[in-house]
Amino acid sequence: MEAARQIGVDLTVASEERSTFDGANPAGLITLDFKNPQHAAAEASAFAFKHPVAAVVGVDDDTAIIAAAIADRLKLKGNPVHAAEAARDKFVQRQRLAEAGVPIPRFVRHSLAADPVEIARTIQYPCVLKPLRLSASKGVIRADNPQGFVAAQQRLKAIVSGSSEDFLIEQFIPGYEVALEGLVVNRRLHVLALFDKPDPLDGPFFEETIYVTPSTVPAGLQSAIAQCAERAVRAIGITEGPVHAELRYNENGPWLIELAARPIGGRCSAVLRFGDHKVSLEELILRHALGMALPSLQREHLAAGVMMIPIPGAGTLQEVSGVAEAKAVPLIEDVQITAHPGERLVPFPEGSRYPGFIFARGETPDVVESALRAAHRYLRFKLS
C-alpha cells in the first residue's frame with residue numbers, strides 16, 4: 001500500500017473475508033473466493049467493469065494463483081495459472097524440475113494414510129518430510145532412520161489435520177543454504193539479491209533465522225546459483241513477476257530446494273532497497289506489473305540483514321522486554337515485535353509465525369550479522 005502511494009496509483013486490496021469498511025470504500029476493498037481461483041477471477045472481472053483494473057499482484061503462495069487467474073481473465077500481465085499452481089504444489093513443482101534436468105533432491109510422494117513402517121523400509125536416510133502446500137517450513141521434518149521417520153509422519157499427519165493428505169519425502173541435501181530474490185521480466189530472471197543464511201539448517205526442523213546480503217559466496221558459484229534458479233523458472237513456466245528461491249550448494253554444485261512465485265515473506269523485504277533513490281521491492285513489483293519504467297534493479301551498496309526472531313518456546317506471550325536496548329545497538333535500524341500479548345506462540349514444525357523481526361544495515365555482511373545477534377541477545381520473552 002505504501003509502494004502504491006509512492007508511485008501515485010490507486011490500490012484495491014482483495015481478501016477472502018469481508019472487511020467491515022468495504023461499504024465505505026467500495027473501490028479500495030473487495031472480497032474474493034480464494035478457494036476457487038476461477039470464481040475469484042469472475043468476481044474480479046465484475047469488479048473491474050465498475051472500477052477498471054490495470055494490474056494484479058499476489059503477495060503470498062495462495063494469492064499468486066488467484067492473481068494468475070485474474071490476470072488471465074482480464075488480459076493483464078501475469079503468470080499462466082498452471083505455472084502459479086506448479087510453484088505452489090511441491091510435488092508438481094519437482095516433477096517439472098526433474099523433467100527439465102534441474103538439480104533437485106530425489107523425491108517420492110506418499111499418502112499420510114499409508115503405513116509409515118512400510119514406507120520407512122523403502123527410503124534412504126537422511127530424508128525430509130514435507131507437506132505439499134504449506135509454507136514457511138511448517139511441517140518440514142528431517143528423519144535420520146526408520147524410527148524417526150515413523151514419528152515424523154505421525155507428527156506431520158497431526159499438523160495437516162487429515163490422514164487423507166499426501167506428502168513429500170525428499171533426500172536431505174547437506175550444504176550451505178542461500179535465498180535468491182528475483183524479478184522475472186518477459187521470461188528473463190533478474191537477480192535482485194542473494195542472501196546468505198549463516199545459521200545451519202540441518203534439522204530436525206527448519207526454522208529460519210538470519211538473512212544477510214550481499215552474499216559472501218564466491219562470484220563463480222553465485223553465477224551457478226543464479227543459472228540454476230533461472231532454469232527452474234523456465235521449467236515451471238513463470239513468465240512475469242517476483243520469485244523467491246531457496247537453494248543449497250555443496251561439492252556437487254547448487255541444488256534447487258524451493259521456488260515460489262511471490263516475493264520474500266513476512267516483513268523481510270524491508271532489507272532491500274534499490275538504486276540511488278532507495279526504491280522498495282514492492283515498488284519494483286508494482287511498477288513491473290503496471291508496465292511502468294523500472295528504476296535501477298541494482299541493490300544499494302550497503303550490506304543489509306534481517307533476523308526472523310526465533311520462537312522462544314510454546315506458550316502465551318505475556319510481554320517482551322529489551323526492545324529499546326536492542327534498537328540502540330549500532331547498525332540496528334528497527335526491531336518490530338509482531339506478536340501481541342495474549343497470542344499463543346507455537347514452535348516449529350507445528351508453528352510458522354515468527355514473533356518479530358530485527359533489521360540492520362552496515363558496510364559489510366559480517367558487521368550486519370554481528371549487530372543482529374547482539375540486538376537479539378537483549379530481547380526477553382515472557383510466556384505463560
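User: What makes helix 3 stand out in the lining of the largest cavity?

Analyst: In this predicted model, helix 3 gives four residues to that lining, which is the largest share. Helix 3 covers 61-74, and strand 10 (241-250) and helix 9 (281-290) also supply at least two residues each.

User: How many residues line the largest cavity, and which lie nearest its centre?

Analyst: The lining has 18 residues, and Val56, Gly58, Gly78, Asn79 and Glu240 are those nearest the centre. By class, the lining holds 11 nonpolar, five polar and two charged residues.

User: Why is the space called a cavity, and what is its volume?

Analyst: The word cavity is used because a 1.4 Å probe fits there but cannot get out. The volume of the largest cavity is about 220 Å³.

User: How many cavities of 30 Å³ or more are there?

Analyst: The count is two. The second largest cavity has about 30 Å³.

User: Which residues line the second largest cavity, and how do they divide by class?

Analyst: Its lining is made of Lys197, Asp199, Leu201, Glu208, Thr209 and Ile210. Two of these residues are nonpolar, one is polar and three are charged. Asp, Glu and Lys count as charged, so Lys197, Asp199 and Glu208 make up the charged group. Leu201 and Ile210 are the nonpolar pair, because Leu and Ile count as nonpolar.

User: Why are helix 5 and helix 8 called roughly perpendicular?

Analyst: Helix 5 (residues 90-99) and helix 8 (residues 219-236) pack at an angle of about 110 degrees. Angles of 65 to 115 degrees count as roughly perpendicular, and therefore the term applies to this pair. Their axes are 9 Å apart.

User: Which residues make the contact between helix 5 and helix 8?

Analyst: Helix 5 contributes Gln93, Arg96 and Leu97, while helix 8 contributes Ala232, Ala235 and Ile236. Four of the contact residues are nonpolar, one is polar and one is charged.

User: What box do the C-alpha atoms fill?

Analyst: Taken along the principal axes, the box is roughly 60 × 50 × 50 Å.

Notes:
Residues numbered from 1 in each chain as written. Predicted model: local features only at pLDDT ≥ 70, side-chain atom pairs only at ≥ 80, totals over all residues. Heavy atoms only, no water. Axes fitted to C-alpha atoms, helices over the stretch in contact; angles between N-to-C directions. Parallel < 35°, antiparallel > 145°, perpendicular 65-115°, else oblique. Contact = heavy atoms within 4.5 Å. 1 Å grid on protein atoms, 1.4 Å probe; cavity = no way out; pocket = protein on both sides within 12 Å on 5 of 7 lines; lining within 4 Å. Points joined across faces, edges and corners; volume = space filled by probe spheres on them.
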